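Please examine the protein shown below. Some questions and answers on its features follow the display.

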Amino acid sequence: MGRCCAIIDPICADHDNPSHPECNARLVNACSGIPRDVALLAPEPALREDVERVHDPRYLSWLEQRCAATATLGWLDSDTYITRRSFDVALHAAGAAIAAVERSIGGEHCFAFVRPPGHHAEFDRAMGFCLINNVAVAAKKVLENVDTIAIVDWDAHHGNGTQNSFYGTDRVLYCSVHQEHFFPYSGTVDEVGAGAGKGYTINAPLQAGSTIADYYHVFSEIFVPAIERFSPDVMIVSAGQDILFDDPIGRMRIRPVDFEPLTRMLVRAAGVPLALVLEGGYSPSHGAAVQHIFAGLTSDGTVNAPGIPSERTQKIVSWLKSEHRLP
Ligand SMILES: [Zn+2]
């Protein structure tokens, strides 16, 4: 059983486009699943030096100016919009991720409900609804005080920006399970890290339509043993719930209740409190999923094998097991 808190920052509403899937209404829906007894905190924004550990200072200045010059709504690419306030909002989102990780180090699970999301944002560019890479900023900051961090990214999309931030280091284990042949079209099994980081990036691309049986197989056979072997000081989850069955973007078939065993498996594998940071998730059942994530954090329970994974998933898992020399 673990103590829990959540981070919500009302400034997120200033980065909004109601006709876009990544709108503030989806955050309100996600937050509807936070249990009433969970303490809510409001964070400080990230400092410029914090975000410059991950992003090119020239990109940050450009982004700041682009936002300041935006009257109501602007576009950085065909997916990614900004408002006049988006740069400030993004600094607050990164600050919330930092606060979530610091809370987890302090001994409680913490879920930062932030927008815009972060895991596609690269060193020198915005991408896929993301402006600043919240998880990467938080991880790089706390790496000044801890040795190792594991990041599990269960969003339907591969977290290219996060992977690239830590591709060459053995201090961050990045594990992503995502929909194959899908935006941003990276995250193949043979992307395993480079140099000192070789073996510290694990990608499990799954077929569209995958269910909890597939996710359970990846978690139990790959992520859990990899995290146990790594024994991280800090455990971060890039929590994108766009793998839900009713998501309008992702095409996976995870039910809200399935998030409970997935969360519980990570809590047990890591042996430290979890810091969760919101990524995607655009469906009506997002609030219910959040409720089950908190149940996985705060209550003990058995985790039962939920059925037989697809042959394709079994093949991916056996390839990863051998490549990453997992038991
Ligand atoms: Zn996503």
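The questions below concern a metal site, a pocket and aromatic pairs.

Residues are numbered from 1 along each chain as its sequence is written. This is a predicted model, in which local features need pLDDT of at least 70, side-chain atom pairs count only at pLDDT 80 or more, and totals for chains, interfaces and linings use all residues; side-chain values use heavy atoms, with hydrogens and water left out.

Q: Which residues are the protein donors of the zinc ion?
A: Donors are N, O and S atoms within 2.8 Å of the metal (3.2 Å for Na, K and Ca), and sites may look incomplete because water is not among the atoms. Here the donor atoms lie 1.9 to 2.8 Å from the zinc ion. Along the chain they follow the spacing D-x1-H-x84-D. The donors are D155 (OD), D155 (OD), H157 (ND1) and D242 (OD).

Q: Which parts of the chain does the pair H157 and D242 tie together?
A: H157 is buried (under 20% relative accessible area, where exposed means over 50% and partly exposed in between, with a 1.4 Å probe and protein chains only), its value being 8%. D242 is likewise buried, at 0%. Helices (H or I, at least four residues) and strands (E, at least two) are DSSP runs numbered from the N terminus. The pair ties together parts 85 residues apart in sequence, because H157 lies in the loop between β6 (149-153) and α6 (160-165), and D242 in the loop between β9 (234-239) and α8 (259-270).

Q: Are the planes of F113 and F294 stacked or edge-to-face?
A: Rings of Phe, Tyr and Trp (its six-membered ring) pair if their centres lie within 6.5 Å; planes under 30 degrees apart count as stacked, over 60 as edge-to-face and the rest as tilted. The ring centres of F113 and F294 are 6.4 Å apart and their planes lie at 20°, so the pair is stacked.

Q: How many residues apart in sequence are the parts that F113 and F294 tie together?
A: F113 is buried at 0% relative accessibility, and F294 is buried at 1%. Because F113 lies in strand β5 (residues 109-113) and F294 in helix α9 (residues 286-298), the parts tied together are apart by 181 residues.

Q: In which helix do F219 and F223 both lie?
A: F219 and F223 form a tilted aromatic pair, 5.3 Å centre to centre with 50° between the planes. They are four residues apart, about one turn of the helix, and both lie in α7.

Q: Which helix gives the most to the lining of the largest pocket?
A: Among the residues that line this pocket are A226, R229 and F230. The greatest contribution, three residues, comes from helix α7 (residues 212-230).

Notes:
On a 1 Å grid over the protein atoms alone, a cavity is a set of points where a 1.4 Å probe fits but cannot get out, and a pocket is an open set with protein on both sides within 12 Å along at least five of seven lines; lining residues have an atom within 4 Å of a point.
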